[in-house]
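Thanks for coming. I will go through one structure this morning, part by part, and keep it short. Please have a look at it before I start.

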Amino acid sequence: MRIHPLPTQLVNQIAAGEVVERPSSVVKELVENSFDAGAGHIHIEIEQGGIRLIKIRDDGCGIVKDDLPLALSRHATSKIASLQDLEQVASMGFRGEALPSISSVSRLTLISRTAASDCAWRVAADGSEQDFAPQPDPHPPGTTIEVRDLFYNTPARRKFLKTEKTEFNHIETLLQRMALSRFDIGLTLVHNQKEIFKLKPALSEAQQIQRVASLCGQAFVDNAVSIDFAAAGLQLTGWVGLPTFSRSQQDMQFFYVNRRLIKDKLVAHAVKQAYQDVLFHGRHPVFVLYLTLDPTLVDVNAHPAKLEVRFREGRLVHDFLFSALHRSLADLRPGHPDLTIH
Ligand code: ADP
Ligand code: MG
């Protein structure tokens, strides 16, 4: 066979294989876009575990009419323009791949309006056809993206979807994690017309603790202390569970780097070491932790779904995390006055 370029849709479908594993991956990409758009409130509506419908509405900056076709085109982004931008990227997105990938494996409608425009505009794509001639729409300023019938045209992917309930559980867990990363944003989740949660923006510390309680349970809040450490340009804030409030699973561990939820071996190792002397063997600590550092010190372009990062100075990060956690745990001897966070 001779060499030939692949059709755009097929290229997008191949890329979708990396970032769109299941309905919750679509929700992740769309909610991250709403974060990047400066939304104050995000409304997430799901039908049938997201397999039938994922609809996300935000009140963010919107997209100008002429850019709508570009939003659905591969490698087109408003977030970076150069390698230098990439090295210090602060937005959640930058690859310009999510919308074209999702639209190649679903029926997608994008409606958006900027504050300066007197009406909203709508474009659609469904994996085979793209209707990029924008149509007017009465939508308020902000953006709505509807994703219907995920994987309807890729039966091999669709076969891997689990039950509606399992897929919805993935979405709910994901949104719990995302809600802990942006206290300033309100989030509403509706499944099959039933409201699952409605979180108002949580600006004061008391409101933030309330959000943590509603997502992680009152018991977590009652058995955790808040921490705030800074050294060498690194900052660690959040809440760590008392050693007496450990779990048999690692299901209540949230670690964010510059507001991005990540999984990292180095971080896991530092945390484990810090808790080593105070936890029984086989028990796992609970924590919600936020590491903030200069974006040039962390490479977020290490994984298509950005679940992993690379620290430029891994040793420094590891030792900082260990000593910050070790010190706060040492302060937690029984009888310590500051044992709960409220
Ligand atoms: P990326 O987020 O990597 O830039 P996406 O495919 O997710 O790529 O989105 C493409 C572009 O569409 C974004 O760069 C942004 O300009 C625009 N966009 C997507 N979602 C929204 C939204 N909710 N509000 C405003 N603009 C959006
Ligand atoms: Mg994006």
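Which domains does the domain assignment of the protein give? There is domain 1, covering 8-199, and domain 2, covering 205-330. Before going further, please keep in mind that this is a predicted model.

Let me stay with the two domains for a moment. Their C-alpha centres are 28 Å apart. On the contact between them, 17 residues of domain 1 meet 16 residues of domain 2. Looking at the domain 1 side, three helices each bring at least two residues to the part that touches domain 2: H1 (8-19), H4 (83-87) and H7 (164-179). Of these, which one gives the most? That is H7, with 3 residues. Sorted by class, this side of domain 1 consists of 9 nonpolar, 4 polar and 4 charged residues.

Next, the ligand. Around ligand 1 there are 21 residues, and those that come nearest are Asn-33, Ala-37, Thr-77, Gly-93 and Ala-98. Two helices, H2 (23-36) and H5 (98-104), each contribute at least two residues to the shell around ligand 1. The largest share is from H2, which supplies 3 residues.

Now to a pair of strands. One example of the pairing is Ile-227, whose bridge partner in E10 is Gly-238. Together E9 and E10 make a hairpin, with 2 residues between the strands. In that turn, Ala-232 has a positive phi of about 50 degrees.

You will find Pro-155 in helix H6, which spans residues 155-158. Is Pro-155 buried or exposed? Pro-155 has 8 C-beta neighbours inside 10 Å, so Pro-155 counts as exposed. For a sense of distance, take Gln-210, which is 55 residues from Pro-155 along the chain. The C-alpha atoms of Pro-155 and Gln-210 are separated by 43 Å.

Technical notes. Residues are numbered from 1 along each chain as its sequence is written. Chains are lettered from A and ligands numbered from 1 in the order in which they are written. This is a predicted model: local features need pLDDT of at least 70, side-chain atom pairs count only at pLDDT 80 or more; totals for chains, interfaces and linings use all residues. Helices (H or I, at least four residues) and strands (E, at least two) are DSSP runs, numbered from the N terminus. A residue is buried if 20 or more other C-beta atoms lie within 10 Å of its own, exposed if 12 or fewer, and partly exposed in between; C-beta atoms are placed from the backbone. A residue is near a molecule or strand if its C-beta atom, placed from the backbone, lies within 6 Å of it. Domain bounds come from an automatic or database domain assignment. Two residues are in contact if their C-beta atoms, placed from the backbone, lie within 7 Å. Ala, Val, Leu, Ile, Met, Phe, Trp, Tyr, Cys and Pro count as nonpolar, Asp, Glu, Lys and Arg as charged, and the others, Gly among them, as polar. Two strands pair if DSSP finds at least two bridges between them.
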